[in-house]
Amino acid sequence: ISVTPRPKSTMVRCRSAFAVSSLLIALGVGMFMHKHDASYEATERLAKEQEAAVAASGGIESGLGSTKSLTILPLIDWYTKKTEDDKPLYGEAGVSMLVKTDKDTILFDFGFGKDLVPDPRPSDERDTKNANMTSRLVANMHTLGVDSKDLTILFLSHRHLDHMGGLHAMRTNTIYTGPGKPLDFDGLTLWAPTNTSYPGVTTRVVGAEPKLIGEALASIGSIPRQLFLGSVIATGPILEHSLAVNVQGKGIVIIVGCGHQTVKHIVQRARHAFPNTPFYGILGGLHYPVPHGHGRLPLLGGLLEAQYLLGSGKSPMEPLTLEQVEEERKAISAAGAHLVGLGGHDSSSDVIEAWRERFGSAIFRTLRVGESFT
C-alpha cells in the first residue's frame with residue numbers, strides 16, 4: 001500500500017491558516033477582556049459617585065421607625081431542614097425568604113424554578129397538563145403553611161434567573177412562580193431595581209437612593225456591579241438592592257439576595273443610609289462559591305463552575321479568592337455584627353463551615369429551608 005505524501009505547500013498553508021486563526025482569536029479575546037475591564041472600572045466609579053451622593057443626603061432615618069420582632073423563614077435555598085412529619089422540603093440554587101415584622105410580611109425573592117416537583121396543593125390548583133408538577137417555591141410554601149394572601153410586600157433583589165423564577169422570567173422581566181394556579185399577589189407592591197411585572201402587582205423601581213418601603217423597612221438602594229456574565233451576554237451592570245429592617249433595641253439587619261454589590265458596598269451603604277442607627281447584622285446570599293468547583297452551577301460536567309467564573313470576582317482572569325472572602329468576613333465583624341447568616345445557594349460549604357467556626361454559633365446561622373429564626 002502506498003501513501004502519497006501531502007505536498008509541502010499544502011502543509012505550509014494549513015499551518016499559516018492555523019496561526020492566523022489563533023492570532024485572531026487571541027486578539028478577539030484580548031479586545032473583549034479590555035472592554036470588560038473598562039466597563040468594570042467605569043461601574044466602580046459610578047458606584048462611588050452614587051455612594052457619595054447618598055452620604056451627602058444625610059440618610060433616611062427620619063420616619064423609618066422600628067419593629068420589636070423580626071422573623072426570617074427561608075423558603076428557597078440550597079440546604080433544607082427535615083420536617084417533623086417527614087413532608088419534603090426542596091432546596092435549589094436559588095433564594096426566597098419570608099420576612100415578618102410587627103406590621104408586615106414580605107416575600108423576598110422568588111427562587112429558581114428550574115426543577116419541578118410534585119404539587120402538594122389541592123387538585124383544582126394543580127396543572128394536570130404538566131403531570132401535577134410545580135415549582136419548589138410553591139411546594140415549600142404549601143408545606144410550611146405560607147399563604148400568599150397573607151403577604152403585604154414583595155421584594156426582588158435583582159434581575160437574575162435564580163431569584164425571579166427562571167431564565168424565561170429573566171428574559172421577559174417577569175416573575176414566574178411555576179405551573180398550576182399562580183400565587184395570588186393581587187394588589188401588592190413589588191420593590192425592585194428594574195421594571196419587573198406580575199399580574200395584579202404594582203412595581204416600584206428603586207434607584208440608587210435608599211427608600212422607605214414600610215414601617216421599620218427600607219431598601220438600601222440599588223448598587224451597580226459589572227459581572228463577567230453581564231459582559232458575556234451584553235446586559236451591562238447588574239443592579240442589586242437589599243432589604244434593611246430596623247429592630248428595636250438592636251439596629252439594622254440587612255437581608256441580601258446574592259451580594260453582587262459586595263459586602264464592602266453593602267455595609268458602607270447601610271452606614272450612609274442610617275448614620276445614627278447601629279448595624280446589627282447581615283444575612284442571605286453573599287456569593288462566595290470558592291474554591292473553584294465548589295459552587296452550585298457546574299458546567300461541562302463539572303470542569304467549569306458558572307457562579308465562580310461568571311458571577312464572582314472581577315473576571316475569570318482575576319477570580320474571587322478565599323483570602324478576599326476572609327477580608328469580607330473581617331469587614332462584617334469590624335462593623336459590629338451580632339447576627340450573620342449565610343445561604344448555600346451561592347456560597348460553598350467550605351466558606352459556610354469556615355464562617356461558622358470564626359463567628360461562633362452565637363452569631364452565625366446557616367440558612368436552611370424551613371428553619372426560621374427570630
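Me: Leaving aside neighbours within four places in sequence, which residues is isoleucine 332 in contact with?
Reply: The model is predicted, so local features need pLDDT of at least 70 and side-chain atom pairs pLDDT 80 or more, while totals for chains, interfaces and linings use all residues. Residues are numbered from 1 along each chain as its sequence is written, and side-chain values use heavy atoms, without hydrogens and water. Contact means heavy atoms within 4.5 Å. On that basis the partners of isoleucine 332 are Val263, Phe279, Ile282, Leu286, Ala337, Val340, Trp355 and Phe359.

Me: Which residues of the largest nonpolar core touch the most other members?
Reply: A nonpolar core is a set of buried Ala, Val, Leu, Ile, Met, Phe, Trp, Tyr and Cys residues joined through side-chain atoms within 4.5 Å; buried means under 20% relative accessible area with a 1.4 Å probe, protein chains only. The largest core has 35 residues, and the members touching the most others are Ile254, Phe274, Leu286, Tyr288, Ile332 and Trp355.

Me: At roughly what angle do the axes of H8 and H9 cross?
Reply: Helices are DSSP runs of H or I with at least four residues, strands are E runs of at least two, and both are numbered from the N terminus. Axes are lines fitted to C-alpha atoms, for helices over the stretch in contact, with angles from 0 to 180 degrees between N-to-C directions. The axes of H8 and H9 come within 12 Å and cross at roughly 35°.

Me: Which residues of H9 make the contact with H8?
Reply: From H8, the contact involves Leu322, Val325, Glu326, Arg329, Ile332 and Ser333. On the H9 side the residues are Val351, Trp355, Arg358 and Phe359.

Me: Which strands are the edges of the seven-stranded open sheet?
Reply: Two strands pair if DSSP finds at least two bridges between them. The sheet has mixed pairing and the order E10-E11-E14-E15-E16-E19-E20. Pairing on one side only marks the edge strands, E10 (211–214) and E20 (364–366).

Me: Which residue in E16 stands opposite valine 253?
Reply: E15 and E16 pair in the parallel sense over five bridges. The residue opposite valine 253 is glycine 281.

Me: Why is strand E1 largely enclosed by the rest of the structure, and how many of its residues are buried?
Reply: Strand E1 spans residues 71–76, and five bridges join E1 to the antiparallel strand E3 (residues 96–100). Isoleucine 72 stands opposite valine 99 in E3. E1 is largely enclosed because its buried residues number five of the six.

Note on methods:
Buried < 20%, exposed > 50% of the residue type's maximum accessible area, 1.4 Å probe, protein only.
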